[in-house]
Amino acid sequence: MASFEQCIKDVTEAVGRPLTADEEKRVGKQFGTIVKKLRIEQHAEAFDALLMKEIQAQSDLAQAGALIKKRNAVKNKVAVLKKIDHLETVWADDPVEGARAMLVGSMTGRKTGKASIANLQSALSDAYMMGVAADLDKAGLTQWVGKGTYDKEIWQAMWELNRPEPDAHKLAALPQEAKDAAAILNKWNETARIHANKAGAWIKKLDGYVTRHSHDQERISQVGKDQWVNDVTEWLDWEKSMPDTAPEERLGILQRMFSDFKTGTHVKFQDAPTAGFTGETSAAKQLSFERVLHFKSADAEFAYNQKYGSGNLREAIFNNLSRMGRETALMRELGPSARYNYETIMRHFDSRLRDTGQDMARETLTTEKRNIDRTIWPLLDGDIFRVENATMARWSANVRGIEMMSDLGMATVTSITDLPIIATATRQQGVGMLRGIGEALTSLIRNYSEGDRLHVISETGVILDSVRNALADRYDVSGGQTGAVAKATKLYFGMNLLRPWTDRLRGGFVLATAHRLANHSALDFAELPPGMQHLLKQYGIDAPEWSIIRQGKESHADGKAFLTPEGLSDLSPETFAAYAQKGDTPASNAELESAREELKDKLRSFFRDQATTAVVEPDVATRALMLQGTHRGTIHGEVMRHFGMYKSFTMSVMRRVMGRELFGYSDTKGGIIPAMLAMIKDPTGSPFVGMANLIAFTTIMGYAAINLKDLMKGKEPRSPETAGEYAALLSAYWPKAGG
């Protein structure tokens, strides 16, 4: 155990001067807490690895549940300590902005300001889905699976391949393509399960598992409780599902499940899932109903999904992987009891502000927390996907789909303003505006939805809409159109070239960025272009992280090299030794692997956030502002979604693009007004030049877009000469920009 003298020595070295008598006294009071904290942080991963081995060896579920509870208690403690340390170090002067940065990212250019939980949730979810798409493409199965004709055969193959002793006769009767596709889908289901367990869940591998069961609220509501209970009773394997439940109690359990599925309360993340463990010894104390329902056969389970599920097989797989990525990221960052830990962190800063007499700052923090709880948390924990009135939600979404098709026929022409936005993003990486536009134009003549380019993009974790739509008629089924309208919008935005336009620009930007990183791999961090240095720091990638990332195995396409997160998978564990080591104790194998995943997460977040900023897509912060925590199927919620249909693009540009130009070139402290004043005072600085380029180029492109649309309608080009004519021209363009 560390001595008090050693602790004083360490603190003295950290501050770079001798401590005063008063400082030594304060350190003495905190000595026990400091030592306990250091010991937990240094050994948490090793402790977790040992407990996981014990849990796996346990045949007594009660004992295993107790071990999980102990393991997750450590994970929760470490998550809270790390977040508090980080916020006190980086955001000590502005805990309110620090809380937002932790959850959804900050517009400011401060270090780690964009290393948010929301960003990691999107990056990890997309990485899983793009992994499926890339593997199917390699096997030549994308179109075969995308047809949906063989969903039942794939379901049967997944079921059999996941049994301890697969039935060879049943497998032999299935098409080889179904078995190959099933193996790929099983691989990514298992990857997501393992990641979730390492983050704090304990989801056992189930006999015959295909995918998480989905429960369509409208379908379930329409048939009613009695019919749903009768169907489930017929299809369910009661011995596997509820072996310890008396027959007379089964009806009550199913009725409670019906209520949860009908109201959608099952979609919200409340705690780390521990499927297979019940009672007070469960770490989660929250039974995962979807994994309690074991069906008699693959055919029975497929029948349930067809009648009561939220989509076809591919959509069920994609939605499950998306949810697993979202919940795993939440646990990685905030621990298994994510919401409770967040509350603990906020209470810590509330107490600190109270004790230091910062009453005004405390009131601001309290107000911001209420706003976060109402608007941001529903997007992080999935509660936003809960539908209050399924029929109203479906009709409203379909109306939006029809309205978008009627309004956005020429959206691709309007979208030429994407080019200068991409160019400003590449400028921050150290590339000139014109070269950035040139790269974007080049990407428009290339296909990124198959082959080597797709595989490299999949390694970055950025998903393309065309890939998603090749495998599913509707994705994120709790938030979009359904049935014929969903298929029509999918076809329409492919035919009017908006989706290919967006995908090619985004795919090209991702590859250009990965290629730049590969070209920079010979450079130390201090030798990188200043803009790239500062950009990487915002995602938590500094000199120590870069020294490892640059060693990653390169991928190749079109004769070029690319540096991606998956390149870190091939590095030896020893590569991470210095980075993972805390104190004098060498890092354990578990800590080395944890360091590898941490760096992959940071790089995935970098690629994903940069790609959706360059080719603008509303992020969680924008969606929180637009939706205000409302649910689909409510009057307020549907009004907000209709209002935000076209406004989210403009708001995203203002927040993500203009915010980047204003704040993104330095470790900015202060709000928008001080940043604007500083920009104006320095007309040769990067913020001023970047903002000027953005405004000038988007204005030119916007003018070109309007005239192109007029020419296509047989009208003469507009030539504004007065201020009023200029204002009318701008008002005609911006409300519909980007769709």
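**Figure 1. The loop that holds D558.** D558 is found in the loop between β1 (555-557) and β2 (560-562), where strands (E, at least two residues) and helices (H or I, at least four) are DSSP runs numbered from the N terminus. This is a predicted model, in which local features need pLDDT of at least 70 and side-chain atom pairs count only at pLDDT 80 or more, while totals for chains, interfaces and linings use all residues. Residues are numbered from 1 along each chain as its sequence is written, and side-chain values use heavy atoms, with hydrogens and water left out. Although D558 is not a glycine, its phi is positive, at about 55°. With a relative accessible area of 44%, D558 is partly exposed; buried means under 20% relative accessible area, exposed means over 50%, and partly exposed lies in between (1.4 Å probe, protein chains only).

**Figure 2. The whole protein, as a setting for the close-up views.** The secondary structure comes to 34 helices and 2 strands, and buried residues make up 54% of the 739 residues in the protein. Among contacts between residues at least 6 apart in sequence, 75% join residues that are at least 24 apart, a contact being heavy atoms within 4.5 Å.

**Figure 3. T112, a residue in the loop between α4 and α5.** The loop that contains T112 runs between α4 (95-104) and α5 (117-138). T112 has a phi near 65°, which is a positive value in a residue other than glycine. The relative accessible area of T112 is 13%, and T112 is therefore buried.

**Figure 4. The surroundings of F295.** F295 is found in the loop between α13 (289-292) and α14 (298-308). Its relative accessible area is 3%, so F295 counts as buried. When neighbours within four places in sequence are left aside, F295 is in contact with W159, H213, W235, L236, D237, A300, E301 and Y304. F295 and Y209 are 86 residues apart in sequence, and their C-alpha atoms are 9.9 Å apart in space.

**Figure 5. The packing of helix α7 against helix α15.** Two packed helices are described by the angle between their axes and the distance between the axes. Helix α7 (residues 151-161) and helix α15 (residues 313-334) pack at an angle of about 50°, and their axes are 9 Å apart; the axes are lines fitted to C-alpha atoms, for helices over the stretch in contact, and angles run from 0 to 180 degrees between N-to-C directions. The two helices α7 and α15 are therefore oblique to each other, because angles under 35 degrees count as roughly parallel, over 145 as roughly antiparallel, 65 to 115 as roughly perpendicular and the rest as oblique. On the α7 side the contact is made by D151, I154, W155 and M158, and on the α15 side by L313, R314 and I317. By class, this contact has 5 nonpolar, no polar and 2 charged residues, where Ala, Val, Leu, Ile, Met, Phe, Trp, Tyr, Cys and Pro count as nonpolar, Asp, Glu, Lys and Arg as charged, and the others, Gly among them, as polar. K147 is found in the loop between α6 (142-146) and α7, and at 60% relative accessibility K147 counts as exposed. K147 and R314 are 167 residues apart in sequence and 10.0 Å apart in space, C-alpha to C-alpha.

**Figure 6. The crossing of helix α22 and helix α25.** The axes of helix α22 (residues 451-460) and helix α25 (residues 498-519) come within 10 Å and cross at roughly 75°. That angle makes α22 roughly perpendicular to α25. From α22, the residues R453, V456, I457 and T460 meet G507, V510 and L511 of α25. Sorted by class, the contact of α22 with α25 has 4 nonpolar, 2 polar and 1 charged residues.

Figure 7. In helix α21 (residues 433-443), the residues M433, G436, I437, A440 and S443 are buried. Seen down the axis of α21, these buried residues fall within an arc of 120°, so they line one face of the helix; the arc is that of the directions from the helix axis to the C-beta atoms. On the other side of α21, L434 and R435 are exposed.
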